[in-house]
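Subject: Structure for you, plus some notes

Hi there,

Here is the structure I promised to pass on.

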Amino acid sequence: MQPTLVSFPDGSVTGEGEVLIVDRDASVIVVDATPFHPVDHTWPDQPGDSGEIRVDGMRLEVSEAVMAALSHEGELAVGGDIPVKRGAEGWTWLVAHRIDGGIPAGVEAGAPAVLAVDAERRAALSRGHTACHLASLALDAALADLWRKETGVDPLGNPDFEGRANQSSRIHADGSVDEYRIGKSLRRAGFDSEGFSASLAEREARINQQLAEWLAAGGASRVEVEGPSIVDRRTWRCRLPGGEVGFPCGGTHVHDLARFASITVSLDLSDPQLLVMTTTAAPAG
Ligand SMILES: [Zn+2]
């Protein structure tokens, strides 16, 4: 079996394929090709797409697309039950569609399938994901002067606070919540955490100013792929006034920053060891 071919990186929300696996115990089906974006089991930042699949005139409701992996022995592991990291050798990497309410008799491997993602929810999640990345770049820029030592840099050349401190990222419709650990190791790396907490409101204003400038300038955004399957490396690329930025990303994105009316963040440091950045996107009318 080949890894699932995926069309979500170019923004597709519909597709056709052949049913390859029907697992009634796990209530999932696998199709050879899909437009559904699956939630990643190792870094579950963007939720999986929902939607529907039609097989032989039957309509199956997909509650969420998830990763699945088939072992050499033919064992199918789904979502959080996958015992290895994505892309590990010895496994075939697949997109599985969780079916609400069980899989009807008559749906069997070999049948043709027509797939349709909930396009409105996808668009909102794509806006949330692009907003999340832009906010993280603006955060790095707004904190750049707080570093007392050389450290690695982000795609805009600013000290990589995001890469060093981000411990979780949760994307939802038109927004995201990111958590950053501000602990001993960050201070040892040269980050001035006292200076940060003393200037939190000013930093937040700087981020929002930067985001407004980027949106006013406009720019194209896209997902670049190295191949057609779910395991091929994917990179988010976005045109900003300072040049094109890019970093590895498994999610979906808007095609153009004109899709946003605004993106704003709020910073919460009520636990001094944990920065919570909440990002809110307003879609363009
Ligand atoms: Zn991403």
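Start with two residues: His133 is buried, and Cys249 is buried too (buried means under 20% relative accessible area, exposed over 50%, and partly exposed in between, using a 1.4 Å probe and protein chains only).

Before you go further, some ground rules. This is a predicted model, where local features need pLDDT of at least 70 and side-chain atom pairs count only at pLDDT 80 or more, while totals for chains, interfaces and linings use all residues. Residues are numbered from 1 along each chain as its sequence is written, and side-chain values use heavy atoms, with hydrogens and water left out.

**The zinc ion**

Which protein atoms are the donors of the zinc ion? They are His129 (NE2), His133 (NE2) and Cys249 (SG), lying 2.1 to 2.3 Å from the ion. A donor here is an N, O or S atom within 2.8 Å of the metal (3.2 Å for Na, K and Ca), and since water is not among the atoms, sites may look incomplete. Along the chain the donors follow the spacing H-x3-H-x115-C. His133 sits in helix α1 (residues 119-142) and Cys249 in the loop between β14 (243-248) and β15 (260-271), so this pair links distant parts of the chain, 116 residues apart. Helices (H or I, at least four residues) and strands (E, at least two) are DSSP runs, numbered from the N terminus.

**The whole chain**

In total there are five helices and 16 strands. The radius of gyration is 20 Å, close to the 19 Å that the globule rule gives for 285 residues, so the chain is as compact as a globular protein of that length. That radius is taken over C-alpha atoms, and the rule is 2.2 Å times the number of residues to the power 0.38. The C-alpha trace spans about 65 × 40 × 35 Å along its principal axes, and buried residues make up 50% of the 285 residues.

**The cores**

The largest nonpolar core has 39 residues, and among those with the most contacts inside it are Leu134, Phe161 and Leu211. Such a core is a set of buried Ala, Val, Leu, Ile, Met, Phe, Trp, Tyr and Cys residues joined through side-chain atoms within 4.5 Å. Helix α1 gives the most to this core, with seven residues. A second, separate core of 25 residues includes Val55, Trp93, Val107 and Ala113.

**Aromatic rings**

There are five aromatic pairs, where rings of Phe, Tyr and Trp (its six-membered ring) pair if their centres lie within 6.5 Å; planes under 30 degrees apart count as stacked, over 60 as edge-to-face and the rest as tilted. Phe161 and Tyr180 form a tilted pair, 5.3 Å centre to centre with 35° between the planes. Phe161 lies in helix α2 (residues 161-165) and Tyr180 in strand β11 (residues 175-181), so the pair ties together parts that are 19 residues apart in sequence. Both Phe161 and Tyr180 are buried. One aromatic cluster is formed by Trp147, Phe161, Tyr180, Phe191 and Phe196.

Most residues other than glycine have a negative phi. Ser27 has a positive phi of about 55° although it is not a glycine, and Asp56 has a positive phi of about 50°. Ser27 is in the loop between β2 (14-23) and β3 (28-31), whereas Asp56 lies in the loop between β5 (51-55) and β6 (58-71). Are they buried or exposed? Ser27 counts as buried at 16% relative accessibility, while Asp56 is exposed at 55%.

Cheers
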